[in-house]
Amino acid sequence: MAEIRKVGVVGLGAMGAGIAQLCIEAGVDTVGREVSVELGEKARERIGHFLTRKVEKGQLEQGARDEAVGRLTLTTGLDAIAECDLVIEAIVEELEPKQELFAELDRICGPDAVLATNTSALSVTEIAAAASAPGRVVGMHFFNPAPLMPLVEIVRAELTDDGPFEAAFSFGERIGKSPIRCHDTPGFVVNRVLIPLLNDCIRVLDEARVTPEDLDTGLQNGAGWPMGPCTLVDLVGIDVHVHASEALYEKTREPRMAPPPRLVAMRNAGLLGRKSGRGFYSYD
Ligand SMILES: NC(=O)c1ccc[n+]([C@@H]2O[C@H](COP(=O)([O-])OP(=O)(O)OC[C@H]3O[C@@H](n4cnc5c(N)ncnc54)[C@H](O)[C@@H]3O)[C@@H](O)[C@H]2O)c1
């Protein structure tokens with residue numbers, strides 16, 4: 001595989017901005033593509049702000065911060081992405097736009113470029129099917145917030161070739177993550193285990209008539225969890241968790257994957273957790 005000198009990140013939302021930050025901090029020239037100049041600039045501001053906070057905390061030199069920010073260029077087109085050795089897609093979690101994008105990336109990028117998707121719940125194999133060279137399509141599933149969570153799941157789709165798969169793994173290491181290898185199955189590794197487990201926890205709230213505080217204390221003190229399940233679901237976002245549960249249920253038909261009615265009701269009422277100010281807990 002060709003050396004990865006330049007990376008493209010398509011979609012600079014919650015995940016894409018974090019992934020772009022990791023790349024520029026690791027010294028990699030990065031092109032970020034958003035649908036509008038304003039959204040791109042907003043993402044750059046967020047990244048700059050996070051890096052400034054690292055300087056304030058003594059974790060980064062001011063000069064290194066400025067150099068990192070200088071490595072990020074923004075675009076709304078795809079021309080600059082065509083020159084990249086690795087493209088990481090982090091757009092909306094819907095199959096059709098992702099397939100359209102991969103068909104286009106496959107057409108414009110060089111033959112050795114690796115194309116990666118950060119999808120959580122879609123099939124990497126189905127996304128790859130839109131490319132005429134599906135062997136170079138791989139999953140790179142980062143966790144939120146990407147700059148802080150050490151894991152990235154490197155997902156092998158049905159037709160992924162060894163070269164691009166290992167190139168994605170090595171790149172994960174290069175940007176400071178602890179990658180693991182897995183195959184393209186619903187939920188990959190962590191969500192396959194975590195989503196039904198969190199759903200069980202929420203069902204226990206009603207069954208055992210335990211309070212969210214006591215459930216969190218129970219799992220922390222009785223099972224060694226670093227944070228309780230209600231705190232975790234609030235942090236992830238109740239809408240994000242419900243969406244992932246629905247997607248996994250659709251694929252596996254396992255009842256434990258289905259979102260508990262209590263969470264669906266909270267999502268419908270706009271109680272989304274930390275980001276909306278209220279979920280199981282209140283955040284002022
Ligand atoms: N949020 C999470 O916890 C999480 C965790 C792991 C993986 N993911 C996955 O990452 C992907 C992105 O999720 P997110 O939470 O960052 O979403 P988000 O809504 O915060 O960001 C998506 C961004 O993509 C942009 N976009 C849409 N279409 C585009 C296109 N064609 N070209 C360029 N930009 C485009 C949107 O303007 C938006 O800013 C999804 O596939 C999601 O499943 C999310």
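User: Ser123: buried or exposed?
Analyst: Ser123 has 15% relative accessibility; buried means under 20% relative accessible area, exposed over 50% and partly exposed in between, with a 1.4 Å probe and protein chains only. This is a predicted model, in which local features need pLDDT of at least 70, side-chain atom pairs count only at pLDDT 80 or more, and totals for chains, interfaces and linings use all residues. Residues are numbered from 1 along each chain as its sequence is written, and side-chain values use heavy atoms, leaving out hydrogens and water. Ser123 therefore counts as buried.

User: With which side chain does the side chain of Ser123 make a polar contact?
Analyst: Ser123 lies in the loop between β5 (114-117) and α5 (124-128); helices (H or I, at least four residues) and strands (E, at least two) are DSSP runs numbered from the N terminus. A polar contact is a pair of N or O atoms within 3.5 Å; within protein, one must be able to donate a hydrogen and the other to accept it, and residues adjacent in sequence count only if both atoms are side-chain atoms. A polar side-chain atom of Ser123 is 3.2 Å from the backbone nitrogen of Thr125. The side-chain partner, at 3.4 Å, is Asp184.

User: How far is an oxygen atom of the ligand from an N or O atom in the side chain of Glu93?
Analyst: A ligand oxygen is 3.4 Å from a polar backbone atom of Ile91. For a polar side-chain atom of Asn144, the distance to a ligand oxygen is 3.5 Å. For the side chain of Glu93, it is 2.6 Å.

User: What share of the ligand's exposed area does the protein bury?
Analyst: Areas come from the Shrake-Rupley method with a 1.4 Å probe; for residues, only the protein chains shown count as cover. Taken alone, the ligand exposes 830 Å². The protein buries 76%.

User: How many charged residues line the second largest pocket?
Analyst: On a 1 Å grid over the protein atoms alone, a pocket is an open set of points with protein on both sides within 12 Å along at least five of seven lines, and lining residues have an atom within 4 Å of a point. The lining includes Glu93, His243 and Lys251. Ala, Val, Leu, Ile, Met, Phe, Trp, Tyr, Cys and Pro count as nonpolar, Asp, Glu, Lys and Arg as charged, and the others, Gly among them, as polar. The lining has 3 nonpolar residues and 1 polar; the charged count is 5.

User: What relative accessible area does Phe188 have?
Analyst: Phe188 sits in the loop between β8 (178-183) and α7 (190-207). Its phi is near 50 degrees, positive in a residue other than glycine. Phe188 is buried, at 4%.

User: Arg253: buried or exposed?
Analyst: Arg253 is not a glycine, yet its phi is positive, about 60 degrees. Its loop runs between α10 (238-252) and α11 (261-268). At 54% relative accessibility, Arg253 is exposed.

Conventions: 1 Å grid on protein atoms, 1.4 Å probe; cavity = no way out; pocket = protein on both sides within 12 Å on 5 of 7 lines; lining within 4 Å.
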